[in-house]
Amino acid sequence: MFNPEVLELPFFNEGHRALHDGLHAWAQPRFTHRTHTGDVDALCQGIVRDLGQAGWLRYTVPEAFGGALPELDSRSLCVARQALGYYDGLADFAFAMQGLGSGPIALFGSDALKRKYLPRVATGESIAAFALSEPDAGSDAAAMTTRATRTGSVYRLNGVKTWISNAGIADFYTVFARLENDEVDGFGAFVVDAQTPGLRVTERFDVCAPHPIGTLTFTDCEIPATQRLANPGQGFKVALQNLDVFRASVGAAALGFAEAALDLAIDRSAARTMFGATLLDLQMTQAAIGEMSTDIDAGALLVYRAAWERDVRKQRTTRSAAMAKLFATEAAQRIIDRSVQLHGGMGVRVGEPVEMLYREIRALRIYEGATEVQQVVIARETIKNKSGGKQ
């Protein structure tokens, strides 16, 4: 972390501090320039394998199934993503998707499903994915049209999921669908192996910060009912509680990006001469650095408050996690933009670390609930609390 004093706050214990120090020591010599070349699928698969072999993916699953801690710990996920985000956006992505894709199994899966999938997630032998979004159902997930039709002990999936990270390299997908011919109305959550007949990756597309992403098509894709998570009709509960665990960690990744941008800005400003001094000597530069540093610390307080509330107080963090993601991602965008400005022309040269950061941060303001969605969530929760409801 940029400010090591943050780790001394009551949000953390010695395990979190050890995770922070160990992961920084491991990542620093491996990820030095942020820019990857070559096949992004192979790169991502390699990073997952390396994270697994080093033991870091153990923080994405519970201890009983190969994990590091008795249960998923939001603070550890945030510490890990902040550390990895400081060094490399693709490494952060690889770590995060192992957790996001397998989290529903850890939270709602049967013992059989947990034994089948989670140990291999922890070692990096299996790659996980989370399939919620559709062409016309992104922020409004209730508009999804993918259907799961039950016939006896089998579900048949039909529909399209898009913007699915790890599409094409995942070994399994956690898929959400509208239930038909089932015990109740509503939505269901299912674990679908990548090789299941009727499941195809029908599109792959490029994004500004490259990673595996694409579209899945389900055509009479049959899976046994034993692959369902939770009870029929509880699909939204599965999705929302999983996002409660991981949404604050998006803010943590943004903090890692922002810290890297601030350090790059300071180094560049100290080396760049201007008007008889260095750029760092100018008061306008110092004012910018002061504001950037304050935003990072403020974001850290919001992120780790939300994670602490979930871990220690065992409460829903709908409002606090939305605040954490909203503030940290928007602040990181401002910080990285300011760092690009301080770099001058070098800031927009493709291949420079700060240019890569500029591309990496943009998606974080959209995925797992866009900024505007977080604003609505915060407003609704605030109004509900004011009127006597409980979070």
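Modeller: Happy to! Let's start with Thr278, which sits in strand β10, residues 277-278; strands (E, at least two residues) and helices (H or I, at least four) are DSSP runs numbered from the N terminus. This is a predicted model, in which local features need pLDDT of at least 70 and side-chain atom pairs count only at pLDDT 80 or more, while totals for chains, interfaces and linings use all residues. Residues are numbered from 1 along each chain as its sequence is written, and side-chain values use heavy atoms, with hydrogens and water left out.

Leaving aside residues up to four places away in sequence, Thr278 touches Ser269, Ala270, Arg272 and Thr273, where contact means heavy atoms within 4.5 Å. The side chains of Thr278 and Asp281 are joined by a polar contact of 2.9 Å, that is, a pair of N or O atoms within 3.5 Å; within protein, one must be able to donate a hydrogen and the other to accept it, and residues adjacent in sequence count only if both atoms are side-chain atoms.

The structure holds one cavity of 30 Å³ or more: on a 1 Å grid over the protein atoms alone, a cavity is a set of points where a 1.4 Å probe fits but cannot get out, and lining residues have an atom within 4 Å of a point. Grid points are joined across faces, edges and corners, and the volume is the space filled by probe spheres set on the points. Helices α6 (235-271), α7 (283-311) and α8 (318-343) each give two or more residues to the lining of the largest cavity, with the largest share, five residues, coming from α8. Among the lining residues are Leu255, Ile296 and Phe327.

Technical notes: 1 Å grid on protein atoms, 1.4 Å probe; cavity = no way out; pocket = protein on both sides within 12 Å on 5 of 7 lines; lining within 4 Å.
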